[in-house]
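Please keep the sequence and the structure in view while reading.

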Amino acid sequence: MKKDTVGKIVERLDSLGTEELRRIFLRMASDKGLLQDVFDALRDGLILFDADGHARLANRAAAKIYASPLHELLAQPFESLVGNTCSWEDIKGSGVAVTRDLQVNYPEPRHYNFFITPVGDGAEYLLLIRDDTETRMQGEEDAEAEQMNLLTYLSSAVAHEIGNPLNSLGLNLQLLQRKLKKLPPQEWESVAPLLEDALGETRRLDTLLHQFLQSMRPTRPQRQPVDLADIINRVISTLTPEIAPRGIAVHTELDAHQPELSADPDQLFQALYNLIRNAYQSIPGSDGGIFIATAHTDSDVRIIVSDTGTGISHEVMGSMYEPFRSTKKKGNGLGLLIVRRIIKDHGGSLAFASKEGTGTSVTITLPRADKVVRLLPA
């Protein structure tokens, strides 16, 4: 009911009969109930503040967002309800609309947008809270997919440009080797090691180029039953020549009752290889360790790779998956991006927990092949 209508009713209050008053109040109650139903039906949270900055009305969506009963929600100060992104002193009487973004990390990462606008004569303010976590996540996934497509295209183009002259170099070295073999034995023996080293380096570069292309091209996992403990032990064995000289200890705690896992063994090997290699490279000296553990639940298998390295700063955590961004002097910033793609292609997830100076823990979660479904008793 409009304010001017209410004003007219107040002016005529003394002259209205009992029955007429009853009809007016029933209509007002009906309008209020309808408005409250509409208010509560909205998916976005709404909170109305009076001229003193006190919340006097909120809908169910707002109560759900703040995980608080309405009566407790209405008792909270304005600054608390907007995540301390602005103060009531800055807002009141300004007559302007304000928008703010807030990132919440506990109990789960969420992103909210606050829109604060004056209503009526400008003394009261309406706060609209929109949870745009899913929208942002979709945007990030689209951007990541676009990055990967561009990276794949660029890597193929660069590999092609490098591969052709590399092949030509290898062929010419082989021809040169054949001609130099006709030299007297003493002269041949002096140049043979040099040629062999050059050929060996070309073969090594060709292998690295092939591996790089294989890692960047999106390939569907060739799933088969895999022994997770065997893959982990093979990765450790492969990296031991690099880790052992530094005196870094590798500790394993592998699940003795590991359930069946359906995965691509080569891709899983590559993902674990990159993570464990990152772990030992993050340890600055010899006084450190790497801890690898596996566990399972009714629905998934988990692999935890922890280290006692330098840890990851909050700034770096926010850009870990960006290509060509690396904290290592000789890093190319592709390792974690490739690991993430492999795990996502397997229907799994990757989670990081880190603190500067204390180390990092990475958890890989993969779905079980024999997922257990528990039913309630009949």
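## Arg 277

Arg 277 has its place in helix 10. The model is a predicted one. Is Arg 277 buried, partly exposed or exposed? Its relative accessibility is 29%, so Arg 277 counts as partly exposed.

Leaving aside residues up to four places away in sequence, Arg 277 touches Leu 239 and Glu 242. Arg 277 and Glu 242 are 35 residues apart along the chain, and their C-alpha atoms are separated by 9.0 Å.

## Helix 9 and helix 10

Two packed helices are described by the angle between their axes and the distance between those axes. Helix 9 covers residues 228-243 and helix 10 covers residues 265-281. The two pack at an angle of about 45 degrees, and their axes are 9 Å apart. Helix 9 and helix 10 are therefore oblique to each other. The crossing in which helix 9 passes helix 10 is right-handed.

Which residues make the contact? On the side of helix 9 they are Leu 228, Ile 231, Ile 232, Arg 234, Val 235, Thr 238, Leu 239, Glu 242 and Ile 243. On the side of helix 10 they are Pro 265, Leu 268, Phe 269, Leu 272, Tyr 273, Ile 276, Arg 277 and Tyr 280. Sorted by class, the contact of helix 9 with helix 10 has 13 nonpolar residues, one polar residue and three charged residues.

## Aromatic pairs

A pair of aromatic rings is described by the distance of the centres and the angle of the planes. With ring centres required to lie within 6.5 Å, the count comes to five aromatic pairs. One of them is formed by Phe 49 and Phe 78, which are edge-to-face, with 5.0 Å centre to centre and 75 degrees between the planes. This pair links distant parts of the chain: Phe 49 is in strand 1 (residues 45-49) and Phe 78 is in helix 5 (residues 78-81), 29 residues apart. Phe 49 and Phe 78 are both buried.

Trp 88 and Tyr 125 form an aromatic pair that is also edge-to-face, at 5.7 Å centre to centre and 85 degrees between the planes. Trp 88 lies in helix 6 (residues 88-91) and Tyr 125 in strand 5 (residues 124-131), so the pair ties together parts that are 37 residues apart in sequence. Trp 88 has a relative accessible area of 6% and is therefore buried. Tyr 125 counts as buried because its relative accessibility is 0%. Phe 49, Phe 78, Trp 88 and Tyr 125 are linked into a cluster by ring pairs.

## Two residues with positive phi

Most residues other than glycine have a negative phi. Ala 67, a residue other than glycine, has a positive phi near 50 degrees. Ala 67 lies in the loop between helix 3 (60-65) and helix 4 (70-74). Its relative accessible area is 70%, so Ala 67 is exposed.

Asn 84 also has a positive phi, near 60 degrees. Where is Asn 84 found? Asn 84 is in the loop between helix 5 and helix 6. Asn 84 counts as exposed because its relative accessibility is 63%.

Thr 310 is placed in the loop between strand 10 (300-307) and helix 11 (314-317). With a relative accessible area of 43%, Thr 310 is partly exposed. Apart from residues up to four places away in sequence, Thr 310 touches Ser 282, Pro 284, Lys 355, Glu 356, Gly 357, Thr 358 and Gly 359. The C-alpha atoms of Thr 310 and Thr 358 are separated by 6.2 Å, although these residues are 48 residues apart along the chain.

Asp 370 is in the segment after strand 12 (359-367). Asp 370 is partly exposed, at a relative accessible area of 33%. Again not counting residues up to four places away in sequence, Asp 370 touches Pro 259 and Glu 260. The C-alpha atoms of Asp 370 and Leu 261 are separated by 7.9 Å, and the two residues are 109 residues apart along the chain.

## The protein overall

How many helices and strands does the protein have? Its secondary structure comes to twelve helices and twelve strands. Of the 378 residues in the protein, 33% are buried. Among contacts with a separation of 6 or more, 59% are between residues 24 or more positions apart.

Definitions and conventions
Residues numbered from 1 in each chain as written. Predicted model: local features only at pLDDT ≥ 70, side-chain atom pairs only at ≥ 80, totals over all residues. Heavy atoms only, no water. Axes fitted to C-alpha atoms, helices over the stretch in contact; angles between N-to-C directions. Helix = DSSP H or I, 4+ residues; strand = E, 2+ residues; numbered from the N terminus. Parallel < 35°, antiparallel > 145°, perpendicular 65-115°, else oblique. Left-handed = near helix turned anticlockwise from the far one by under 90°. Contact = heavy atoms within 4.5 Å. Nonpolar A, V, L, I, M, F, W, Y, C, P; charged D, E, K, R; others polar. Phe/Tyr/Trp six-rings, centres within 6.5 Å; stacked < 30°, edge-to-face > 60°. Buried < 20%, exposed > 50% of the residue type's maximum accessible area, 1.4 Å probe, protein only.
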